[in-house]
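I opened my notebook to look through this structure step by step. Here is what I looked up, in the order I went.

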Amino acid sequence: MSMTTRTDAPHVADTHDLIRVHGARENNLKDVSIEIPKRRLTVFTGVSGSGKTSLVFNTIAAESQRMINETYSAFVQGFMPAQARPEVDVLDGLTTAIIVDQQRMGADPRSTVGTATDANAMLRILYSRLGRPHIGSPKAFSFNVGSISGAGAVTVERGGRTVKERRAFSITGGMCPRCEGRGSVSDIDLAELYDDSKSLNEGALTIPGYSMDGWYGRIFRGCGFFDPDKPIRKYTKRELDDLLHKGPTKIKVDGINLTYEGLIPKIQKSMLSKDADGLQPHVRAFVERATTTTVCPDCDGTRLTEAARSSKIEGISIADACAMQISDLDAWVRGLDEPSVAPLLTALRRTLGSLVEIGLGYLSLDRPSGTLSGGEAQRVKMIRHLGSSLTDVTYVFDEPTIGLHPHDIQRMNDLLLRLRDKGNTVLVVEHKPETIAIADHVVDLGPGAGTAGGSVCFEGTVEGLRGAGTITGRHLDDRAALKDAVRKPAGTLEIRGASTHNLRDVDVDVPLGVLVVVTGVAGSGKSSLVHGSIPAGAGVVSIDQGAIRGSRRSNPATYTGLLDPIRKAFAKANGVKPALFSANSEGACPGCNGAGVVFTDLAMMAGVPVTCEECDGKRFDASVLEYRFGGRDISEVLAMPVTEAEEFFGAGEARTPAAHKILGRLADVGLGYLSLGQPLTTLSGGERQRLKLATRMGDKGGVYVLDEPTAGLHLADVEQLLGLLDRLVDAGKSVIVVEHHQAVMAHADWIIDLGPGAGHDGGRVVFEGTPADLVAARSTLTGEHLAEYIGA
């Protein structure tokens with residue numbers, strides 16, 4: 001029997017141990033060429049806007065996903081999102097990429113932590129098998145499936161003859177019929193819909209967009225269900241019901257077929273069923289005025305029918321299970337022992353165990369996914385990968401430590417190392433020094449942001465980075481010191497009996513006129529205290545982590561309102577209409593409709609954008625570009641970076657105080673390098689957060705509430721943020737910051753620390769006082785980590 005002789009020569013398959021990128025030019029990348037080791041943890045650092053996301057997500061991960069999609073048939077690809085090949089010369093050695101980003105989960109009211117993690121699906125099967133009394137299939141426990149039944153005659157071909165048979169069907173669903181599975185019901189205040197002393201023709205309707213001048217007017221006048229000249233208060237019961245509640249009905253007006261529908265179903269479809277954050281400001285204000293939302297009285301907010309809640313396992317209904325804290329639910333499920341559903345219990349235990357292990361044990365499965373923070377949403381997406389047996393996969397993470405207390409960062413680091421140790425390539429975009437420290441390989445991009453970035457400044461080990469002299473290397477060991485003296489409060493904001501979510505009747509006095517930092521481990525109740533107890537009403541400017549919504553037509557100038565004074569200045573100087581200076585209105589190039597590019601749709605392949613030949617990408621009609629202001633046309637102004645535009649509008653013939661003020665705020669938050677016309681879709685997460693901060697800084701308010709403003713900020717940018725917070729306080733504002741970053745804690749005048757743990761282990765104020773007192777006491781987890789940070 002012959003034996004194969006073993007040699008020391010490596011197998012050719014073992015030589016593919018690098019991901020090679022050559023000539024990457026996505027967004028602001030400048031011909032970047034790097035080699036990334038496989039089966040290692042590589043951290044990408046650099047200031048916000050330096051090109052980290054462009055390299056990791058828009059180049060490496062995007063190409064990996066595009067190539068996987070190409071393995072499917074053209075028919076299947078037609079149903080998938082089409083992706084263009086990134087701007088790069090060579091990408092070699094790619095493996096399957098699994099992307100775990102920070103995109104907030106959809107705010108669909110039907111989406112919960114349970115539905116997002118598939119834990120609800122497993123629980124439904126469990127209850128359909130073990131629940132007593134038995135009420136039906138898993139659908140009977142789903143709040144997204146309504147109960148329906150029907151009967152009628154069906155025609156079937158049988159033996160060459162057509163036979164009519166009577167058939168009946170029924171589906172038992174778990175959806176509460178009162179709230180349709182939403183858990184809450186909305187009552188509409190009719191006084192906000194119309195003025196009943198007026199007739200429709202006199203303008204009785206006060207709903208945004210409902211005027212009698214357009215199609216609505218033709219429909220209301222021609223439907224014949226009521227008299228448009230009679231005041232609404234004189235309508236009969238039938239007429240009022242037709243105006244408010246009538247279902248879709250075909251009508252003919254002036255020979256045109258139209259559909260009439262009552263005001264309330266129409267508003268519910270067009271406004272109430274949509275995510276409030278996505279509505280235009282005036283529509284959102286109307287919805288908030290006209291509707292009052294209360295917990296559904298029939299299902300008590302559980303979203304489920306009475307039958308679904310009556311079926312129990314060991315005295316616990318599926319509604320009780322979903323309302324439990326996940327750590328408690330995990331313990332309960334581990335106590336169940338039923339051989340007939342053993343594989344299901346194993347899978348459910350793994351999912352719940354992963355949620356606990358990743359630090360989300362304080363959530364409950366019925367928590368709406370739209371209420372999760374960016375960091376929580378990212379960790380929820382991570383759980384399906386933790387127990388995976390896949391190896392040689394590339395995991396791509398976008399700042400996985402966002403929203404984590406220093407105490408929790410160590411746990412996240414352990415998870416990243418575990419994924420790597422199973423033989424995977426882990427790529428992490430990160431700013432926190434605690435996570436940079438565990439990297440096997442570091443890639444530092446920069447040297448600056450925007451057009452000043454896009455180059456690789458350093459590649460190598462963490463120790464090498466410390467001595468490299470790059471911005472990251474210089475700031476890696478930065479430690480903010482405690483302030484010598486703290487400001488004296490000018491008053492207090494009293495919070496009494498706060499009980500939102502897990503808060504336990506918290507009483508706390510928040511000092512005003514100083515910098516207050518609210519901290520505590522993830523899930524301890526910080527956001528519940530700040531956002532739930534300090535109403536975002538008169539005098540309160542609340543800046544949360546919500547995503548900025550905007551298409552490729554949106555840019556910093558349109559988002560901040562900067563374009564309005566600029567358009568008016570151009571119009572006044574040239575004696576024409578302001579609308580001419582909008583690429584989304586009359587001034588748009590006719591060739592590309594103001595987009596600057598012409599898209600060619602290629603069905604299942606990615607559409608190809610080609611720079612418009614008529615305007616050369618400037619987006620404006622040629623005649624508009626002949627009008628000048630201060631020697632520049634409108635396209636040249638939009639191409640300016642913020643710092644240059646601030647000078648341009650600050651003095652000389654182009655002096656425009658309203659525009660200069662907004663530009664000053666953009667420079668204050670560190671966005672001086674952004675060009676005014678850069679599409680919002682190309683901005684990084686940190687840039688979007690600061691753009692929102694700059695926009696809201698102009699709001700008239702005495703109390704500013706900020707939710708983790710350091711999210712997406714480089715170590716060097718945190719210093720600038722602290723300066724900005726100081727300027728706000730010195731200008732007489734009260735600043736309340738929900739934050740985990742130790743530099744911000746050290747810089748505070750007053751700290752409110754919640755805890756001691758998360759979920760039902762938190763919800764209490766465990767410390768109030770100055771940072772120096774917190775460090776001296778070391779009585780809380782925050783105190784210990786802050787003391788360690790400043791070297792006390």
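**Entry 1**

In which loop does Pro756 lie? I found Pro756 in the loop between β26 (750-755) and β27 (764-769). I looked it up for its link to Gly755: a cis peptide bond joins the two, with omega at about 0°. Pro447 sits in the loop between β16 (441-446) and β17 (455-460). I noted these because most peptide bonds are trans.

The average pLDDT of the chain is 90, and 97% of the residues score at least 70. Where does pLDDT stay under 50? I found that stretch at residues 1-5, for which the model has zero contacts beyond four places in sequence. Where pLDDT is low, the predicted coordinates should not be read in detail.

**Entry 1: a positive phi**

Next I checked backbone angles. Glu399 has a positive phi of about 45°, although it is not a glycine. I located Glu399 in the loop between β14 (394-398) and α14. I marked it because most residues other than glycine have a negative phi.

**Entry 2: two helices side by side**

At what angle do the axes of α6 and α7 cross? I read off roughly 10° for helix α6 (residues 237-245) and helix α7 (residues 263-272), whose axes come within 4 Å. The angle is under 35 degrees, so α6 is roughly parallel to α7. In the contact, Leu243, Leu244 and His245 of α6 meet Leu263, Ile264 and Pro265 of α7. Sorted by class, the contact of α6 with α7 has five nonpolar residues, one polar residue and no charged ones.

**Entry 3: cavities**

The largest cavity has a volume of about 150 Å³. Its lining has 18 residues, and Ile402, Lys432, Thr710, Ala711 and Gly712 lie nearest its centre. By class, the lining of the largest cavity has six nonpolar, seven polar and five charged residues.

The second largest cavity has a volume of about 80 Å³. Among the residues lining it are Tyr210, Tyr216, Phe220, Tyr260 and Leu263. Leu263 was already in my notes, as one of the α7 residues that meet α6. Which element gives the largest share of this lining? I found that α5 does, with three residues. The elements that give two or more residues to the lining of the second largest cavity are α5 (215-222), β10 (256-260) and α7. Its classes are six nonpolar, two polar and two charged.

Last, I turned to the second largest pocket, with a volume of about 490 Å³. It is lined by 26 residues, and the closest to its centre are Pro433, Glu434, Arg479, Gln742 and Tyr789. Which elements give two or more residues to this lining? I listed α14 (406-421), α15 (433-436), α16 (462-466), α25 (715-730), α26 (742-747) and α28 (781-790). The lining of the second largest pocket divides into 12 nonpolar, six polar and eight charged residues.

Note on methods:
Residues are numbered from 1 along each chain as its sequence is written. This is a predicted model: local features need pLDDT of at least 70, side-chain atom pairs count only at pLDDT 80 or more; totals for chains, interfaces and linings use all residues. Side-chain values use heavy atoms; hydrogens and water are left out. Axes are lines fitted to C-alpha atoms, for helices over the stretch in contact, and angles run from 0 to 180 degrees between N-to-C directions. Angles under 35 degrees count as roughly parallel, over 145 as roughly antiparallel, 65 to 115 as roughly perpendicular and the rest as oblique. Contact means heavy atoms within 4.5 Å. Ala, Val, Leu, Ile, Met, Phe, Trp, Tyr, Cys and Pro count as nonpolar, Asp, Glu, Lys and Arg as charged, and the others, Gly among them, as polar. On a 1 Å grid over the protein atoms alone, a cavity is a set of points where a 1.4 Å probe fits but cannot get out, and a pocket is an open set with protein on both sides within 12 Å along at least five of seven lines; lining residues have an atom within 4 Å of a point. Grid points are joined across faces, edges and corners, and a volume is the space filled by probe spheres set on the points. pLDDT is the predictor's confidence in each residue, from 0 to 100.
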